[in-house]
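Student: I would like a close look at one part of this model. Please take me through it step by step.

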Amino acid sequence: MLSLLLLIPFGGALLLALWPGNPAQGRMRTITLVVLGLQLAWSLVVLARFDPGNSAMQLQESLGWVGSLGLDYRLGIDGLSLPLVLINGALTLVSAICTRDIDKRPRFYFALLMVISGAVNGAFLAENLLLFFLFYELELIPLWALISIWGGTNRAYAATKFLIFTAVSGMLILGAFLGLALFTGNADFSLAPITSEQLSMGSQLLLLGALLIGFGIKIPLFPFHNWLPDAHTQASTPVSVLLAGVLLKLGTYGLLRFCLGLFPEAWVQLAPALAIWAAISVLFGSLAAIAQKDMKRMVAYSSVGHMGYILLASAAATPVAMLGAVFQMVSHGLISALLFLLVGIVYRKTGTRDLAVLHGLLNPERGLPFTGSLMILGVMASAGMPGMAGFISEFLVFRGSISAFPLATLLSMVGSGLTAVYFLLLVNRAFFGRLAVTAITDPVVHGRLDVNLAAVAPRETIPAMALAIGVVVIGLLPAGLGRLSETAATAMVQLPALTAALHGVALPSGGLG
Amino acid sequence: MTLIGAYAVVAPTITSLQLNAGAIAPEMAVLIALLACLVVDLAGEGVASRWVPPICYAGLLSALVLLALQWDAPLEPSFLGSFLADNLAVAFRAVVAGSTLLSLLISWRYVESSGTPVGEYAAILLAATLGAMFLCGSTDLISIFISLETLSVSSYLLSGYMKRDARSAEAALKYLLVGSAAAAVFLYGASLLYGLTGGGTGLDAVALALKTSETPVTALALVFVLATVAFKIAAVPFHQWTPDVYEGSPTPVVAFLSVGSKAAGFALALRLLVGCFDSFETQWKLLFTVLAILSMTLGNVVALAQTSMKRMLAYSSIGQAGFVMIGLVCGTEDGFSAMVLYMAAYLFMNLGAFACIILFSLRTGSDRISDYAGLYQKDPLITLGLSLCLLSLGGIPPMLGFFGKIYLFFAGWADHQYLLVVVGLITSVVSIYYYISVIKMMVVKEPQEASDAVKSYPDITWSVAGMPSLRTALVACVLITAVGGVLSNPLFNWASATVAGTPMLQRAIASALPVALG
C-alpha cells in the first residue's frame, strides 16, 4: 500500500529514462504528469484508508533487508507524515506542471523530479532510522543536479554550497543515529522513543545536539541558513517550489520525529534554549528579508523566519503547539510554493526580480494584474491574515507556546509582524504605483515608463490559483487537517510529558482550548 | 634435540600433517594458465592475441570455481602448516582473482594499442595474481615472504610495462626502490621473529613466542612488520609511492594494484596482526588508528587538488584504505565482516571507474579531469558508468559503496572507535566533493563548454578487438555497483560467513569479548 508511493515515482523515473527513441519534451512532460498524478491519487487513497483516531503508525509494511546492519524496509504513516506526503504529492505535481519550455535535457530533468518525489515520500514514511537516512541522502544528488544544470548564472556555486551543507547535515544525522542505536545496544534502528532513556543525560544531549544541527541545516535555521538564499536564487522556479515546499519539510519532520520523538528527556532540558534559538531565527529571517532587493531572496529569507515557528512550537511541545507545527509545515509549503511560482511568473515576463527596478505591475492594462492579485493574497497569507492558512498555523503555534515560553513567543510574534513589513515593501514597490520595469535612478532610460508586458496566459496561473485556493480553504476550514493530525500531535507530546512526570521536571502545560 | 623438542611443542601434529596440496588447486589453475600463456606467446603475436584471452579467462574462472568449492571445507593446514585455506583466504583470493579477471578484460585493447606483447603482459599479471593469492593464505613467514616478493616483482614489471613511456619507467623505478626497501624491512622483522621463536617460522609458533617473550625486540619486530603491511595497503605515511606509480603505470595495471594487491595486503595484515601479534593488540591498534586517521584525512584532502584522473583515484584509494582500516582496528565480528564486504564492494566500484577512464583514454588519449567536460553528450555510457561508480565510492545511496561504508562506520561505532568514525564521516563529505566535481564535469557542463577532447570525440565503435570485453567488464561492474546495494543482503551474509569460517578471526573475537563486556 505505502510502497506504491515509492514505486510509482521511482518506476516513473525508470520508465522515462528507458523510454525508447527521443520523444518530444511535451510527451515527457505528459508522462511525468501522469505518473505524479497517479502518485497524488494514491496519496489520497492512503488518506481515505487512514484512521485519524489512531495515534499509532498505520498501514505498516515491513520486509527484512540487511539484517546484520539493522536496516529493515519498514514503512508506516501517521498524522504527522500523512499531511507531508500529501503536500509532497501536490507540490511535485505543481512543479512539473509549471515546468514549461526548459531549454535542455527534459528527460533527465523530469526523471530527477520523480526520483526526488519518491525519495521524499520514502523519508516521510520510513520507520527505520537508517532507512530514513538512506532516503534523506538519496534526494541530495538529484536536487544538486537540478540546481546545477537548470539553474541561473551562478548555479555551480549555489549547487555546490547546497551539496556541502546537506552532506554535512547527513553525516551529523548518521552519526547521531549510529550513536543512539549502539549506545543503547538496540541495533535494529527502530523508531522506539524509550531507548534513549537508557542513556546518560550527557550523551543524550550530545546526540540530540548533533541531530539538531543536522536538521537545523536542512530546515534551515539561523546560523545554518547560509545555503538557502543562494540555492533559491539560482534554482529555476519549479525547483524552488520543490525546495521550499517539500525538501525543507524533511528538516522539520526530522526535528519532530527524531529530535523530539527520540530524545524526549533531553528535549525537555533543552527546550528553553531551543525556544530562544527559534525566536532568534525568526527575527533574523525577517530582518534579513527586509534588507533584500531580490524578490526571490526575500521569499527565501522569509522561509528562514517561518521555519523558526516550527522550532518554537516543538520546543513548547504542547498539543496545540504541535498541531500548529503540522499546520505551519503544510501552510508554509503551500504559501512559499505560491510565492515562488508568482515570482517566477514576474521574472519570466519582466526579466528581473529586482525590487529597485520593478514598479506598478498591478497595472490592469499592460501589467500583470492577476498575478499581482494572487501575490497580494499570498503575501497576506504569509503574514498571517485571518481567513488564510498562515493565520491558523501561526495562531496555533503562538497559542500553544505562549504559556511555556512567553518571551520567545512574543519575539516570534514581532517577527510575524515584520513579515507584514517586508511583504508590504515588496508589494508596494513592485506592484503598486506607475508601471515601470527600468531603474528610476538610471539617467539614460529614465522616464521610459510605457512598458507593455505580455499577457499571462491562464494556463500559467492555474497552478498558482490551485495553491491559492488551497491556502484559503485550509484557512477557512482547518478542521479537516486538524482532525487528521490532532491525535498524532497529542501522542507526540505525551512522551515528554510522560518522562517529565516520571522525573519530576515541571513541564510547560497547555490545553486544547 | 632441544630445538626439535621445542618445535614439537609448538606444532605437536607435525608428523601427522599432510601435504594437502588440494588447498592450492585455485593457484594451480592460475599457474597452468600462466604457463599456457607463455607457451602460446612463443607462437607469435597473432596467435597470442587470439589465444591468450581465453586461456586467462579459463584459468581465472576455474580458479574461482575451485575457490567456491573450498568454501566452508574442513580446515586442514597444508604444506606442513605454511598454507591455510580458511574462509578468509578463500574470500580474499576470490577478490584477487576477480580483480585480475576484470583487469584483464579491460586491458586487452589498451595493451594492444600500446604495441606491447599481450602474452607477456598476461603472464606477468597472472604471476602477480599468483603471488597475491598465495599471500592471502600463507601462514608461515617464509611463504609470506616468497609470495609477497612474487607479487611485488611482478608489480614492478607491470608498472614499467609501457617501456616507451618515460613516466612508466619512472613509476617502475620508484616502485622498485621503495618496494625493495619495504621487503628488506619485512625480512629484518621476520628475522627477529625467527630468533624469538628459536627457529620456527610458522605464524602459530610466532604467536606463541610473542605471548611468552618479554624482550623489547618484539616491539621492534611489530614496527617492522607493520611498516611492510602499511606499505602494501598504501597507508599514510607509507603512501608516497602510490600517486607516482599510479600516474605512470598502465591504467589496467593500476586497476589491479589498487584492488588485488591491496586486498592481499589486507589479508596479510589480518594474518600477521590479528593472528600473530594479538598479545600486542593495544599497541598495533593504536598505531593503526593513527594510520587510518592519517590515510583518511590526507588521502581525501589531497585528492581535492588533483587534475589528473588517475592521480585523483590514487589519493582516493589511500582514503578508501583508511576506511577499511576502521574495520581492522575494531577487531570485532562486524569489523572483520565490514572489511571483507567493503573490499568486495571496492572491487566492483573501483574497477568500474577504471574501466570507464580506460575507455575514455582509449578514445581521447587524455587523463585530465577537465577533459571530461560535457561528456554526457558524446558518450552516455562512460558518463553513467563513471558517475555511478564515483557516487558509490563517495558512499551515496543506494549504491553498493553506501552499504559498505555504513557497515564500517556501524562496526566502528559499536566498538567505541568514535574518533575514527567521526574522522570517517567528515572525510566522506570531503570525498563527495571531489567525486562530484568529476560528475559535474561530465554531466553539468553543456556542449558549448565541452573540452577539446570531447568536442573531437571519435564515433563510438565496439567492433575493434578487445573492446567487447572492456564493455562487458564495464557494464558488469557498473551493474553490480548500482544494483548490488539494494540486493546486498547475500553479500552481507557472505561477509559474516567469511569471518565465521576463519578460526583465527574467531579466536581474536573471542579474546576481545571479555574486554568489551568488562
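How many residue pairs are in polar contact across the interface of chain A and chain B?

Tutor: Three residue pairs are in polar contact across the interface of chain A and chain B, with both residues at pLDDT 80 or more. Keep in mind that this is a predicted model.

Start with the side of chain A that touches chain B. Four elements of chain A each supply at least two residues to that side: β1 (58-66), α5 (129-138), α6 (140-150) and α7 (155-183). The largest share comes from α7(A), with 13 residues. By class, this side of chain A holds 25 nonpolar, six polar and three charged residues.

Now the interface as a whole. Chain A brings 34 residues to the contact, and chain B brings 30 residues. About 2,900 Å² is buried between the two chains, and carbon and sulfur atoms give 80% of that area. Charged pairing is also present: the count between chain A and chain B is two salt bridges. One of them joins the side chains of A:R105 and B:E446, at 3.7 Å from N to O.

Finally, look at two of the chain A helices. The axes of α5(A) and α7(A) come within 10 Å and cross at roughly 175°. Angles over 145 degrees count as roughly antiparallel, so α5(A) and α7(A) are roughly antiparallel to each other. From α5(A), the contacting residues include A:L129, A:F132, A:F133 and A:Y136. From α7(A), they include A:M171, A:I173, A:L174 and A:F177. The residues of this helix contact divide into 10 nonpolar, three polar and one charged.

Key: Residues numbered from 1 in each chain as written. Chains lettered and ligands numbered in written order. Predicted model: local features only at pLDDT ≥ 70, side-chain atom pairs only at ≥ 80, totals over all residues. Heavy atoms only, no water. Contact = heavy atoms within 4.5 Å. Buried area = accessible area lost by both parts, 1.4 Å probe. Salt bridge = Lys/Arg side-chain N within 4 Å of Asp/Glu carboxyl O. Polar contact = N/O pair within 3.5 Å; in protein donor to acceptor, adjacent residues only side chain to side chain. Nonpolar A, V, L, I, M, F, W, Y, C, P; charged D, E, K, R; others polar. Axes fitted to C-alpha atoms, helices over the stretch in contact; angles between N-to-C directions. Parallel < 35°, antiparallel > 145°, perpendicular 65-115°, else oblique.
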